[in-house]
Amino acid sequence: MLATFVIGLREGLEAVLVISIVAAFLKRNGISRRPMWLGVALAVLICVAVGIGLSLFDQSLPQVQQEALETIIGLLAVIFVVMMIVWMGKHARGLSAEIQEAASTAVGKGTGWALIVMAFLAVVKEGFETAVFLLATLQASTTVWAAAIGAVAGIGVACLVGYGLYRGSVKLNLSRFFRISSVFLVFVAAGLLMTAVRKAHGAGWIDIGQQRTVDLSWLAPVGSVQSALLTGVLGIPSDPRVIEVLAWVLFLVPMLALVLWPRRWSPSPRGRVAVKASLAAAAAVVAAVLALAVPSGMPSLPTTLALSDGGGTVQIDGQQPLRLRVSPASGDEERTTLSAPTAEQHLGAPTTRWTAHPDSGSSSASTTLTLDQLATMFGRIPVGISALKNPGPFQAAQTREDTITAWTAAGGLVDANRTAHTTIVLTGGGLTGSRTLTLDRTDWSAAVSYTHLTLPTNSRV
């Protein structure tokens, strides 16, 4: 609730500042304010429609597509925060004079439409940002109604402050207000970035860095005030992963430095050029080192690779069609014929991908799953399921399909693995509808001894 209140207050105040200054200017010059209010009303209606439309569209998508859309919305919200902080940091002190100059120019054109367009663009810009920012925050919030009330309250307070500015009864140090609120919004945006990275994993876009870092459940138990502050306001989950922590730190540190950096320490125009030139030179050096460090040429590719668990081998025998033999250290030998060769880039090289779907690996079942069982299966409570609102147990319809894949090039084996793709459709347990989850597991994989290949384009076999 606190996060959405500050967002509503900050974004609403930016919009009402424009409106109040323009309205006061028009009043002093004896010009009708009706065209301006027409533009404001039209912009508000469009922004509300955009927010509702995005929310309804998100709810209509399947689980994976929902995670993808919510990832994009979260990233857009973070981008808007960065743009807003940078722009307001440069223009907060002279904002009133700039707006009055723009209004004077609009009046000088002798048309009410200029004022309509000016007010419309000012409100629709802040409205779009607010809609995306609030939607991303509501999706990450544990209590949607409380977050919505906070947003409405923030916008209401912004309107009251704007009216006070218009009447001249309120004096506000814009530079200090935006500086303090920017610090808070940097932390909120960093939490949104963590949520976006987690949703990107749920969408299948990010699979690296999913190792657990720390367990914060002791610090912020579910349902506690600490949990509302840590997760609801700052967006930090109780089980942050490596990639999420990296994203949080790499965003938070430079943005706080940007907001809090003293103006008297800012480099001169010539110094900025030197800093940019130094960064460009450093990037060029890194690119040159990487280019020299990456091996070139065509490695000798074996037909047999060890399994990644350290016991057994995987071997190809003939390639028309491809026959694959897996010999684990313990267990029966597995022989499979793979087909459907497809040209594909793999490990940085042009390869041929072969696949097979063993009948023995396909199955379907219906069972009951508890929240703890889901957390054990996925390594966490799946995205989109709340321990508070969806405590379980759930009715689960599961369908599993196994796939064996091998990649070959230049007569050798590049890589191979066997994966199991399980689709789980959950109902009940507090869910308002069905929720579709997917779980991918690797049964075995080859221990690839190289990470990059540079092969001629005609070497696919």
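Me: Which side chain does the side chain of lysine 199 join in a polar contact?

Reply: This is a predicted model, in which local features need pLDDT of at least 70 and side-chain atom pairs count only at pLDDT 80 or more, while totals for chains, interfaces and linings use all residues. Residues are numbered from 1 along each chain as its sequence is written, and side-chain values use heavy atoms, with hydrogens and water left out. Lysine 199 is found in helix α7, residues 174-202 (helices are DSSP runs of H or I with at least four residues, strands are runs of E with at least two, and both are numbered from the N terminus). A polar contact (a pair of N or O atoms within 3.5 Å, where within protein one must be able to donate a hydrogen and the other to accept it, and residues adjacent in sequence count only if both atoms are side-chain atoms) of 2.7 Å joins the side chain of lysine 199 to that of glutamate 70.

Me: Is lysine 199 buried or exposed?

Reply: Buried means under 20% relative accessible area, exposed means over 50%, and partly exposed lies in between, with a 1.4 Å probe and protein chains only. Because its relative accessible area is 8%, lysine 199 counts as buried.

Me: Which residues touch the most other members of the largest nonpolar core?

Reply: A nonpolar core is a set of buried Ala, Val, Leu, Ile, Met, Phe, Trp, Tyr and Cys residues joined through side-chain atoms within 4.5 Å. The largest one holds 23 residues, and the elements that give two or more residues to this core are α3 (63-91), α7 and α9 (242-260). Apart from it lies another core of 16 residues, among them Val314, Ile316, Leu338 and Trp444. In the largest core, the residues that touch the most other members are Ile85, Val186 and Phe251.

Me: Over how many bridges do β7 and β8 pair?

Reply: Two strands pair if DSSP finds at least two bridges between them. Threonine 405 stands opposite asparagine 417 in β8, and the hairpin of β7 and β8 has 2 residues between the strands, with alanine 410 taking a positive phi near 50°. Strand β8 (residues 412-427) also pairs with strand β9 (residues 435-445) in the antiparallel sense, over 10 bridges. For β7 and β8, the antiparallel pairing runs over 15 bridges.

Me: What value of phi does alanine 340 take?

Reply: Most residues other than glycine have a negative phi, and most peptide bonds are trans. Alanine 340 lies in strand β4 and is partly exposed, because its relative accessible area is 45%. Its phi is positive although the residue is not glycine, with a value near 55°.

Me: Which residues does the cis peptide bond join?

Reply: Proline 393 lies in the loop between α11 (371-378) and β7. The omega of the cis bond is about -5°, and the residues it joins are glycine 392 and proline 393.

Me: What share of the chain's residues count as buried?

Reply: The secondary structure of the chain comes to 11 helices and 9 strands. Of its 461 residues, the share that count as buried is 41%.
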